[in-house]
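Please read this briefing beside the sequence and the coordinates.

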Amino acid sequence: MNREYFFSFGKYAYVTGPKPEGCTLCLIRDRDPAVVDLSVYRDGLFIAAVNLYPYNPGHLLVFPVRHITDLRELTLQEERRLTGLTRYLLDISDRVVKPVGYNLGYNMGHPAGASIDHLHLHIIPRFPNESGIADLIAGKRVLIEEPPETARRLRERIAQEPFQEPFSSSSS
Ligand SMILES: [Zn+2]
């Protein structure tokens with residue numbers, strides 16, 4: 001079952017105003033009212049949030065609570081949690097967003113395309129017959145869901161099926 005969604009840049013006027021000062025991900029972490037909180041998961045080490053500017057519906061950012069800028073700064077504990085959390089979020093996304101595949105990756109540094117310094121993992125669901133950016137700009141109808149609605153559906157599923165650390169019996 002595919003529902004058809006309409007995406008309009010105009011609706012996002014409320015997020016395209018002046019950019020708030022400071023690191024966007026730290027502001028999300030701190031629940032600062034200057035940013036739209038699309039977080040769907042939080043623990044002591046990581047936060048997962050729907051990207052406000054998704055490449056595709058269900059585009060998630062997973063980032064450490066600590067403001068670090070390089071993958072190599074992750075502690076072993078963080079690395080283990082991130083791996084478990086990534087597997088979990090893929091399972092949740094499979095059920096909620098129902099893509100046919102994913103792109104996962106990091107951009108580190110501005111030349112690599114990172115617009116936010118704070119280290120973050122992109123989880124980008126892929127769908128058959130995706131609409132291109134040209135269709136978006138032309139204002140044509142595309143199969144996409146508005147980010148707050150995606151966040152709502154993911155939160156609902158996460159509440160039903162909470163994260164459990166897969167690699168250890170002791171939780172931290
Ligand atoms: Zn930050």
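Residues are numbered from 1 along each chain as its sequence is written. The secondary structure comes to four helices and five strands, where helices (H or I, at least four residues) and strands (E, at least two) are DSSP runs numbered from the N terminus. Along the sequence they follow the pattern α-β-β-β-α-β-β-α-α.

**Confidence**
- The mean pLDDT of the chain is 84, and 77% of its residues reach 70 or more, pLDDT being the predictor's confidence in each residue, from 0 to 100.
- Over residues 1-15 pLDDT stays under 50, and the model has twelve contacts beyond four places in sequence for this stretch; two residues are in contact if their C-beta atoms, placed from the backbone, lie within 7 Å.
- Where pLDDT is low, the predicted coordinates should not be read in detail.

- Five strands form an open sheet in the order 1-2-3-5-4 with antiparallel pairing, and two strands pair if DSSP finds at least two bridges between them.
- The edge strands are strand 1 and strand 4, each of which pairs on one side only, and the twist averages 15° from one strand to the next.
- Strand 4 is joined to strand 5 by five bridges, the two running antiparallel, and Y102 stands opposite P125 in strand 5.
- Helix 2 lies across strand 2, strand 3 (60-64), strand 4 and strand 5, and runs at about 160° to strand 3; axes here are lines fitted to C-alpha atoms, for helices over the stretch in contact, and angles run from 0 to 180 degrees between N-to-C directions.
- Helix 4 packs on the sheet, where it touches strand 1 and strand 2, and its direction makes about 35° with that of strand 1.

**Helix 4**
- The 14 residues of helix 4 (residues 147-160) should span 20 Å at 1.5 Å a residue, which agrees with the 20 Å between its end C-alpha atoms; the expected span is 1.5 Å times one less than the number of residues.
- P147, T150, A151 and L154 of helix 4 are buried, a residue being buried if 20 or more other C-beta atoms lie within 10 Å of its own, exposed if 12 or fewer, and partly exposed in between, with C-beta atoms placed from the backbone.
- Seen down the axis of helix 4, its buried residues fall within an arc of 95°, so they line one face of the helix; the arc is that of the directions from the helix axis to the C-beta atoms.
- These buried residues pack against strand 1 (39-42), strand 2 (46-50) and helix 2 (76-96), whereas the face turned away from the buried side carries the exposed residues E149, E156, A159 and Q160.

**Loop residues**
- R31, in the loop between helix 1 (24-29) and strand 1, has a positive phi of about 50° although it is not a glycine, and R31 counts as exposed because it has 10 C-beta neighbours inside 10 Å.
- K98, in the loop between helix 2 and strand 4, has a positive phi near 55°.
- Most residues other than glycine have a negative phi.
- A114, in the loop between strand 4 (101-105) and strand 5 (121-126), counts as partly exposed because it has 15 C-beta neighbours inside 10 Å.

Notes: Predicted model: local features only at pLDDT ≥ 70, side-chain atom pairs only at ≥ 80, totals over all residues.
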